Amino acid sequence: MQTGFDDFLTLEVNDLHVDVLTGIYSEETHLPQPLRISIRARLRIADRYDPTTPLSRSKNYMDLKHAASTALPEGVHFTLIEAVADHIIDTIFLQDDKVSHVEVKIVKLALSERGEQIGITLGRGRK
């Protein structure tokens with residue numbers, strides 16, 4: 001019986017707070033804006049994961065965190081947060097060819113007045 005569901009593995013890093021030079025305001029002030037970044041990376045999976053399966057059959061979560069923090073170039077101004085998301089996605093694709101799809105959600109914290117989340121979600125599949 002076919003259920004319509006495929007096996008998948010998604011690694012997630014949620015709610016990273018990162019200061020990035022982005023948007024019109026930071027271009028004028030040269031001060032970074034606070035962003036909340038979440039990442040979901042879908043991987044080709046192993047046939048099975050058992051207690052002795054090595055990390056090489058999956059991916060280190062810290063690679064996702066690195067792509068959204070220390071891998072962002074210092075001093076570079078991103079006019080659009082979409083460009084920040086694309087940079088993160090490109091970095092993750094370069095890290096590991098097992099990654100088939102990456103989704104990045106960015107919330108611009110400075111725009112929130114009452115806790116609302118204003119931002120974008122960008123997803124790309126490996127080409």
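Let's start with the sheet: four strands form an open sheet in the order E1-E2-E3-E4, with antiparallel pairing. E1 and E4 are the edge strands, each pairing on one side only. Please keep in mind that this is a predicted model.

- From one strand to the next, the twist averages 15°.
- E2 and E3 run antiparallel and are joined by nine bridges.
- Within this part of the fold, Arg40 stands opposite Glu103 in E3.
- Helix H3 lies across E1, E2, E3 and E4, and runs at about 150° to E3.

**The nonpolar core**
- The largest nonpolar core has 28 residues, and Ile37, Ile39, Ile88, Ile92, Val102, Val104 and Ile106 are those with the most contacts inside it.
- Two or more residues each come from strands E1 (9-20), E2 (33-43), E3 (99-108) and E4 (119-125), and from helices H2 (61-67) and H3 (81-95).
- H3 gives the largest share of this core, with seven residues.
- In soluble globular proteins, nonpolar side chains tend to be buried together.

**A buried serine**
- Ser58 sits in the loop between E2 and H2.
- Ser58 counts as buried because its relative accessibility is 17%, and buried means under 20%.
- Not counting residues up to four places away in sequence, Ser58 touches Leu9, Leu11, Leu43, Asp96 and Lys98.

Notes
Residues numbered from 1 in each chain as written. Predicted model: local features only at pLDDT ≥ 70, side-chain atom pairs only at ≥ 80, totals over all residues. Heavy atoms only, no water. Core = buried A, V, L, I, M, F, W, Y, C linked by side-chain atoms within 4.5 Å. Buried < 20%, exposed > 50% of the residue type's maximum accessible area, 1.4 Å probe, protein only. Contact = heavy atoms within 4.5 Å. Pairing = 2+ DSSP bridges. Axes fitted to C-alpha atoms, helices over the stretch in contact; angles between N-to-C directions.
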